[in-house]
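Please keep the model in view while reading.

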Amino acid sequence: MKNILDFLLSDNAKEIADNFDKSSIKGAQVVGRGTVVVDGKEIASSQEFTALKAAASRIVKAENLRGAQRQG
C-alpha cells in the first residue's frame, strides 16, 4: 500500500526526504516552504563531513608542497 504522501509530494521532494532518511543527520527541521534547518555542529561531527574534511586537507597539503617545490 502506498503512503498518502507519495501522491502529494513531487518526485524531487520524495528524493530529498529519502536522502535525509539515509543520512546520518537526524536533527533536520523543515521550518518553511522548502526551508530546511540543520545544526552545523551535527553536520561537522558527521562521519561523511569528517572524511571529506580530511580529504580536502590532504589535497591542500599536496598543493602547498607542490607550490613550495616549484619555488625552491
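What percentage of the 72 residues of the protein count as buried? The share is 3%, where buried means under 20% relative accessible area, exposed over 50%, and partly exposed in between (1.4 Å probe, protein chains only). The model is predicted, so that local features need pLDDT of at least 70 and side-chain atom pairs count only at pLDDT 80 or more, while totals for chains, interfaces and linings use all residues. Residues are numbered from 1 along each chain as its sequence is written, and side-chain values use heavy atoms, with hydrogens and water left out.

**Overall form**

The protein contains 4 helices and 2 strands; helices (H or I, at least four residues) and strands (E, at least two) are DSSP runs, numbered from the N terminus. Along the sequence these elements follow the pattern α-α-β-β-α-α. The protein is more spread out than a compact globule, because its radius of gyration is 19 Å, well over the 11 Å that the globule rule gives for 72 residues. That radius is taken over C-alpha atoms, and the globule rule is 2.2 Å times the number of residues to the power 0.38. The C-alpha trace spans about 65 × 25 × 20 Å along its principal axes. The accessible surface comes to about 6500 Å², and carbon and sulfur atoms account for 56% of it; such areas come from the Shrake-Rupley method with a 1.4 Å probe, and for residues only the protein chains shown count as cover.

**The largest pocket**

The largest pocket has a volume of about 240 Å³. On a 1 Å grid over the protein atoms alone, a pocket is an open set of points where a 1.4 Å probe fits, with protein on both sides within 12 Å along at least five of seven lines, and lining residues have an atom within 4 Å of a point. Helix 2 (11-22), strand 1 (29-32) and strand 2 (35-37) each supply at least two residues of the lining. Helix 2 gives the most, with 4 residues. Among the lining residues are Leu9, Phe20, Val30 and Thr35. By type, the lining divides into 7 nonpolar, 3 polar and no charged residues. Here Ala, Val, Leu, Ile, Met, Phe, Trp, Tyr, Cys and Pro count as nonpolar, Asp, Glu, Lys and Arg as charged, and the others, Gly among them, as polar.

Ser46 lies in the loop between helix 3 (40-44) and helix 4 (47-71). Ser46 counts as buried because its relative accessibility is 9%. Leaving aside neighbours within four places in sequence, Ser46 is in contact (heavy atoms within 4.5 Å) with Ser24 and Ile25.

Ser24 is placed in the loop between helix 2 and strand 1. With a relative accessible area of 49%, Ser24 is partly exposed. Under the same exclusion of sequence neighbours, Ser24 is in contact with Glu42 and Ser46.

Helix 4 holds Glu48 and also Ala68. Glu48 is exposed, at 60% relative accessible area, whereas Ala68 is partly exposed, at 45%.

| Pair | Apart in sequence | C-alpha separation |
|---|---|---|
| Ser24 and Ser46 | 22 residues | 6.7 Å |
| Glu48 and Ser24 | 24 residues | 8.4 Å |
| Ala68 and Glu48 | 20 residues | 30 Å |

Methods. Points joined across faces, edges and corners; volume = space filled by probe spheres on them.
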